[in-house]
Amino acid sequence: MGDDRHNFTGVPIAQARGNHRRVNDIIVRLASEHGVLVDLHRHFLGGDASWFTCTIEPSLRGASEVRRCFWRELVKRLPAGAEAAP
């Protein structure tokens with residue numbers, strides 16, 4: 001959720017953020033080469049604590065938010081005239 005008080009890694013926060021940024025940069029590059037980016041990181045930064053059961057494990061609500069993010073991208077790629085099931 002972007003709150004540094006929840007640093008569970010044992011790694012200094014500046015180093016952890018740098019490593020996280022590097023991994024995300026690789027994901028962005030690969031997504032542009034092989035598909036589409038679904039930015040769960042950005043989405044979850046705008047969420048709330050109910051989306052997690054503990055530090056990084058999603059709750060049922062969090063899992064639904066992951067589904068919502070992927071669903072939005074899948075629906076955009078439906079063939080013309082196709083309908084998405086609810």
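Tutor: Start with a pair of charged residues: the side chains of Arg 77 and Glu 73 meet in a salt bridge, with 3.0 Å from N to O. The model is a predicted one, in which local features need pLDDT of at least 70 and side-chain atom pairs count only at pLDDT 80 or more, while totals for chains, interfaces and linings use all residues. Residues are numbered from 1 along each chain as its sequence is written, and side-chain values use heavy atoms, with hydrogens and water left out.

Student: Why is the meeting of Arg 77 and Glu 73 called a salt bridge?

Tutor: The term asks for a side-chain nitrogen of Lys or Arg within 4 Å of a carboxyl oxygen of Asp or Glu. Arg 77 and Glu 73 are at 3.0 Å, N to O, so the pair meets the rule. Side chains of opposite charge can pair when their charged atoms come close.

Student: Which words describe the accessibility of Glu 73 and of Arg 77?

Tutor: Buried means under 20% relative accessible area, exposed means over 50%, and partly exposed lies in between (1.4 Å probe, protein chains only). Glu 73 has 16%, so it is buried. Arg 77 has 47%, so it is partly exposed.

Student: Which residues do salt bridges with shared partners join into one network?

Tutor: Arg 61, Glu 65 and Arg 68. One of the links is between Glu 65 and Arg 68, at 3.0 Å from N to O. Both of these residues lie in helix α3, three residues apart, or about one turn of the helix. Glu 65 is buried because its relative accessibility is 3%, and Arg 68 is partly exposed because its value is 31%.

Student: How many salt bridges are there by this rule?

Tutor: The count is six. Among them is the bridge between Arg 42 and Asp 39, whose closest N and O atoms are 3.8 Å apart. Arg 42 has a relative accessible area of 61%, so it is exposed. Asp 39 has 29%, so it is partly exposed.

Student: What makes α3 a helix, and what span is expected for it?

Tutor: Helices are DSSP runs of H or I with at least four residues (strands are runs of E with at least two), numbered from the N terminus. Helix α3 covers residues 60–76, which is 17 residues. The expected span is 1.5 Å times one less than the number of residues.

Student: How do you know that the buried residues of α3 are on the same side?

Tutor: The buried residues in α3 are Gly 62, Glu 65, Cys 69 and Glu 73. They cover an arc of only 70 degrees around the axis, which puts them on the same side of α3. The arc is taken from the directions that run from the helix axis to the C-beta atoms. These residues pack against α2 (40–45), and the face turned away from the buried side carries the exposed residues Leu 60 and Leu 74.

Student: Which residues does His 43 contact, leaving aside its neighbours within four places in sequence?

Tutor: Contact means heavy atoms within 4.5 Å. On that basis His 43 contacts Trp 51, Glu 65, Cys 69 and Arg 72. His 43 is found in helix α2, and its 18% relative accessibility makes it buried.

Student: Why is the pair of Phe 44 and Trp 51 given the name it has?

Tutor: Rings of Phe, Tyr and Trp (its six-membered ring) pair if their centres lie within 6.5 Å; planes under 30 degrees apart are stacked, over 60 edge-to-face, and the rest tilted. The search of the whole structure finds two aromatic pairs. In the pair of Phe 44 and Trp 51, the centres are 5.1 Å apart and the planes are at 80 degrees, so the pair is edge-to-face. Phe 44 is buried because its relative accessibility is 11%, and Trp 51 is buried because its value is 6%. Ring pairs link Phe 44, Trp 51 and Phe 52 into a cluster.

Student: What makes Ser 59 a cap for α3?

Tutor: A side-chain oxygen of Ser 59 lies 3.3 Å from the backbone nitrogen of Arg 61, at the N-terminal end of α3. Ser 59 itself lies in the loop between α2 and α3, and its 12% relative accessibility makes it buried.

Definitions and conventions
Polar contact = N/O pair within 3.5 Å; in protein donor to acceptor, adjacent residues only side chain to side chain.
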